[in-house]
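Try each task before reading its solution.

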Amino acid sequence: MADDKSNAAAYWKANLRLITGCLIVWALASYGCAILLRPLLAGISIGGTDLGFWFAQQGSILIFIGLIFFYAWKMNRLDKQFGLGE
Amino acid sequence: MSQFAINVLFVGGSFAVYIGIAIWAKAGSTKDFYVAGGGVHPITNGMAIGADWMSAASFISMAGIIASAGYGASTFLMGWTGGYVLLALLLAPYLRKFGKFTVPEFIGDRFYSRSARMVAVVCLIIASLTYVIGQMAGAGVAFSRFLEVDATTGLIIAAIVVFFYSVLGGMKGITYTQVAQYIVLIIAYTIPAVFISLQLTDNPIPPLGLFSDHSVSGEPLLAKLNEVVTALGFSEYTAMVDNKLNMVLFTLSLMIGTAGLPHVIMRFFTVPKVADARWSAGWALVFIGLLYLTAPAVASMARLNLVTTIYPDMAGQVENYEDAAANPIAYADRPDWIRTWEETGLITFDDKNNDGNIQLYNGAADFSDRGWQGNELEVSNDILVLANPEIANLPGWVVGLIAAGGLAAALSTAAGLLLAISSAISHDLIKGAINPRITERGELRAARISMSVAIVVATYLGVNPPGFAAQVVALAFGIAAASLFPALMMGIFSKRINNKGAIAGMLSGLIFTLVYIFVYKGWFFIPDTNNLPDTEANWVMGISPLSIGSVGAILNFAVAYMVSSVTEEPPQEIQDLVESVRYPKGAGAAIDH
């Protein structure tokens, strides 16, 4: 029983770590590169404009899609690893 | 075949498919009605979420808003997609594990409080009802423009079709019609975009065309667009926004609002497993992304097309923009699509300097040296996508497709919202509070009756929009962001938040957000009752009423945390419940908890 509990706690901790990492990327892509850090990226040009504009209108969406699939894939592995899957 | 006949064929054909699906997917139980039996494949569900989510606002209005605001409107692109990351990581898998039928039911059980459940029901109904008005109004516009019936008749036809498949099939009927509607709307959106991208950049993929060279002038498309619009006194299309705080908060409000909207969350209850809830969020964003990656391309290309239609000399390589701007087309020579849209009042022309030509420019800029006395052509943002095929001279069948696509977007979202409303009434209000001993058959009947009533109310409000139709979507996101999202998230990620904390948090977030909106937009949106003018100079710290939902959400978290920490811990069985939603194991059994 105690083992079950510590196993579950470790699973939850791993999940929280993964969520934190993914949300940092999520925030960096949208609030960071597309808005607040855009002036810093102004020197990098892409298709007649700057990288920040690309992040705002295209890059962030692509990153969001990648993040969700990455999280789903990692969590399915965690589910198996900790024996907590369905 | 006339354009009218083509439009009737496309719209009628798509409606026949929806009705066919309704007859095939009749709901036999409350489980069918609320969660489509719980056996929907994640890819199917992803497609249904796409149609559920992409409303008349996404399909009809968004590209037009981007076209006029350029970079500044990126908020919508990021906000309405980034919310899915929050859904996939923070809510969907756990709510699926919980395994019940509605969002208020989770809040009521987790916070062991019927009051909390009722607060959630009220938030859900306000958010969903305000949102559905916009959908019905959008369907009315599409009908009146393409099918030559008046908007009221169009709305009633649309309501009858929605009634048929949602009352009969509930979530089951809605799921499979939404899949069909997604296919219709994405084809309708992308085909004209591919043609236009080819015409302007020789690149058949619009998101790539956006960052390619403009084929006539040889310059990058966006650089060309910047030159053209600045020559007319507008700021650069890609220009940075000054008020960054507001842009960040607005994006955040749209993201957490998206994640907190019950009609989207409900769709995750329809998949068999927790893992499927995670996958379907990913697939949903792929299907949504197809439109959201196309929209900014459509926006910039349509803006360029519009300007070069009025100033043909600006289309190619331009030596001197001053000369090109001096040579607009004459009003008498305007293309047919301007004529047809003038009839709807969505394009208006006023020859202010009486020279017979059309001057389209930023009316706030002073061009009296060019003999201009004001902007003469007003073009509504809402027509851009609908008029796109005509602007680009595409064949008639593309126009018919756009009509069917616009209606698919409006009706699929309306159906999802109506289901969220009717299940909150039949499951949370009637079974949860008024008559807990209602039979399965009785509840199914109650669900169908409340769905019918919701459709009648929504149609009435669509025919007589309460004057604030444009504001209501912001209200829906503000409410979802400030009340529902924080309560759901804390319910999963904290065992310490108790009933008192959750209720205090939801109410303070909700009331704070509503008051801030009303102060600038008028109390209950009644015109001229606002306390302060709705301009940036008056906003607190430059935060617009549209962005305030994110501040309300932060307040909700803070109040819930503080109240909970000075009151008692939740009982052990609630802490066990939180524990159980965190682990996918035993997903089926959660219903008996």
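**Exercise 1. Decide whether B:D202 is buried or exposed, and say where B:D202 sits.**

Step 1: B:D202 has 12 C-beta neighbours inside 10 Å, so this residue counts as exposed. The cut-offs use C-beta atoms placed from the backbone: buried takes 20 or more others within 10 Å, exposed 12 or fewer, and partly exposed lies in between.

Step 2: The residue is found in the loop between α8 (151–201) and α9 (206–209) of chain B. Helices here are DSSP runs of H or I with at least four residues, strands are runs of E with at least two, and both are numbered from the N terminus.

Step 3: Check the backbone too: phi of B:D202 is near 65°, a positive value in a residue other than glycine.

Before going on, a word on conventions. This is a predicted model, where local features need pLDDT of at least 70 and side-chain atom pairs count only at pLDDT 80 or more, while totals for chains, interfaces and linings use all residues. Residues are numbered from 1 along each chain as its sequence is written, and chains are lettered from A and ligands numbered from 1 in the order in which they are written.

**Exercise 2. Compare the radius of gyration of chain B with that of a compact globule.**

Step 1: The globule rule is 2.2 Å times the number of residues to the power 0.38, with the radius taken over C-alpha atoms.

Step 2: For 593 residues a compact globule would come out near 25 Å, and chain B has 25 Å, so the two agree.

Step 3: Buried residues make up 57% of the 593 residues in chain B, and the chain holds 22 helices and two strands.

**Exercise 3. How many residues does each chain give to the contact?**

Step 1: Chain A gives 38 residues and chain B gives 42, where contact means C-beta atoms, placed from the backbone, within 7 Å.

Step 2: On the side of chain A that touches chain B, α2(A) has the largest share, with 17 residues.

Conventions: Contact = placed C-beta atoms within 7 Å.
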